[in-house]
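Hi,

Here is the structure I promised to pass on.

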Number of protein chains: 2
Amino acid sequence: MPSAERGHGLRRDVDLLDALASDEAAQRGGLGVVRLAQLTGREKSQVSRALKALADAGIVERNPDNLEYQLGWRLFSLAARTTANRLARVAEPVMRRLSGEFEETTHLCVLRERDVLTVLSVSPGHSFRMPDWEGEPAHAACTSAGRVLLMDSTPDQLYVRFGNAEPLCGEHPTRTRTVPELCVVVNRFRELGYGTEDEEFEAGLVGASAPIRDFRGRAVAAINISAPKRRLGPRLDEAGRRLAAAAGTVSAQLGFSPRPPIA
Amino acid sequence: MPSAERGHGLRRDVDLLDALASDEAAQRGGLGVVRLAQLTGREKSQVSRALKALADAGIVERNPDNLEYQLGWRLFSLAARTTANRLARVAEPVMRRLSGEFEETTHLCVLRERDVLTVLSVSPGHSFRMPDWEGEPAHAACTSAGRVLLMDSTPDQLYVRFGNAEPLCGEHPTRTRTVPELCVVVNRFRELGYGTEDEEFEAGLVGASAPIRDFRGRAVAAINISAPKRRLGPRLDEAGRRLAAAAGTVSAQLGFSPRPPIA
DNA sequence: ACGGTCGTTGCACTGACGGCAACTATGCTG
DNA sequence: CAGCATAGTTGCCGTCAGTGCAACGACCGT
């Protein structure tokens, strides 16, 4: 049996989409069949047929000249309907205000498996950094944003999520290496209402985060602000409180009522 | 024979995604397996399995409480990483048409910091696309394109972006020298849906611009047409309306849906 | 406890995907 | 212009993965 591995059918097509969203595809206008076959490890004939089907569905589009493929209109239409997008639309004005107040970049993050995904970045108007509002980069859950998103988890759930993958945060000089230690930190964050990080994710970088809750009360996202320690360090706890208030505003717009029914 | 038609594998899964993008799914938090089976005409067992695979790939997400599915972060990421690239592609043919109609050059502009960068220029004859994203000239935000790109900003944000750098447009005989004046102009443009300039950036030059929005509703670029006043002047408002319509076409291809974010 | 709905799982079947190879088209090189 | 290389499509057949049915477990309200 020469076939390396047989993914669950559809997962392979996702690989195609990922390849079409890669930097290489961005640099050039798109990607051809053979290149896509290389990138995904599939047969070029399969790639040809799969792409034809995908193009038929509008997921990808083809340039009639190059015969190169790119992501299609339907994907963008779908992306507009994701919860991440709804969140971003509600949170963006609040984040803009925060960015203006602190003159730093704020991020909107969601939790995916063991990673934190930055969905939206808002920089103050005069930021010198490029608009790196990438959707993709995923960080380990040793950031304040990640820990804030874990606030609702029980120790058992933390174990399920992180298994025995210790140390949790790789080789960084982090104080929390095991799940029990993470529980302690998360508990403190829960009582505070916000979380902070002090060079735990990256040297010289500090940050604060606060959870956004949906109508059910679940922490669905986190607002984060991070910056070099010498700039934000002294104001870190103030930033945390402001973030908590801002996150509360967003949560309210999502239908979250702080002290819901009952007790 | 219950089976209506058998699409090419993934096409059926696209039906699922479409159902998850429906208004019904947006109103409620998500959709359950049985409902999705009804909407797509598939077996519920198949829907269950297919969704499990899709969730595994990150295309959809599951609410652990309801067991309901909703569109996932990966769609958002794919689209976010590709919009910049797609922008020039979908805008180019539209701009070519506009150039032909008006016999003038159209520009595609993006906002960076306090400057407007021209990314693509289309003349009735040929088109020049700027290498990388670095457009060659950087104009102050006193052009119609720049102001159109500022349509979503609040006065506070404008202050953050431009600080106290007055007069805003250098020594040119411009009517807007301060941020409050800029706010007035921007507000008018927002109501119009397009913006115009009359010798404000350069003597003898008039122009019109309209904003292009991506799938998340952000004004990511502006489509602009500028020419000597004696040629374009009389048709300037007509040009503005045409630009707004053209920009709407491009926005739609970027997944922009005019609907407001949430109830 | 009961019926009702929702969601998952087991299992046999078959048709659609998987790979190989032949074919066409285009471009580069001597 | 022949020759070679690369890109892309199509035909073919074996087999594997999706399909449908039905049984099962979970949950909810009366």
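Chain A has 11 helices and 8 strands (DSSP runs, H or I of at least four residues for helices and E of at least two for strands, numbered from the N terminus). This is a predicted model, where local features need pLDDT of at least 70 and side-chain atom pairs count only at pLDDT 80 or more, while totals for chains, interfaces and linings use all residues. Residues are numbered from 1 along each chain as its sequence is written, and chains are lettered from A and ligands numbered from 1 in the order in which they are written.

Now the meeting of the two chains. On chain A, 47 residues are in contact with 47 residues of chain B (contact means C-beta atoms, placed from the backbone, within 7 Å). α6(A) gives the most to chain A's side, with 10 residues. That side splits into 23 nonpolar, 12 polar and 12 charged residues (Ala, Val, Leu, Ile, Met, Phe, Trp, Tyr, Cys and Pro are nonpolar, Asp, Glu, Lys and Arg charged, and the others, Gly among them, polar).

Over in chain B, there's a helix pair to look at. The axes of α7(B) (residues 155–162) and α8(B) (residues 179–192) come within 10 Å and cross at roughly 130 degrees (axes are lines fitted to C-alpha atoms, for helices over the stretch in contact, with angles from 0 to 180 degrees between N-to-C directions). So α7(B) is oblique to α8(B) (under 35 degrees is roughly parallel, over 145 roughly antiparallel, 65 to 115 roughly perpendicular, and the rest oblique). Pro155(B), Leu158(B), Tyr159(B) and Phe162(B) of α7(B) meet Val179(B), Leu182(B) and Cys183(B) of α8(B). The residues of this contact are 7 nonpolar, no polar and no charged.

Cheers

Key: Contact = placed C-beta atoms within 7 Å.
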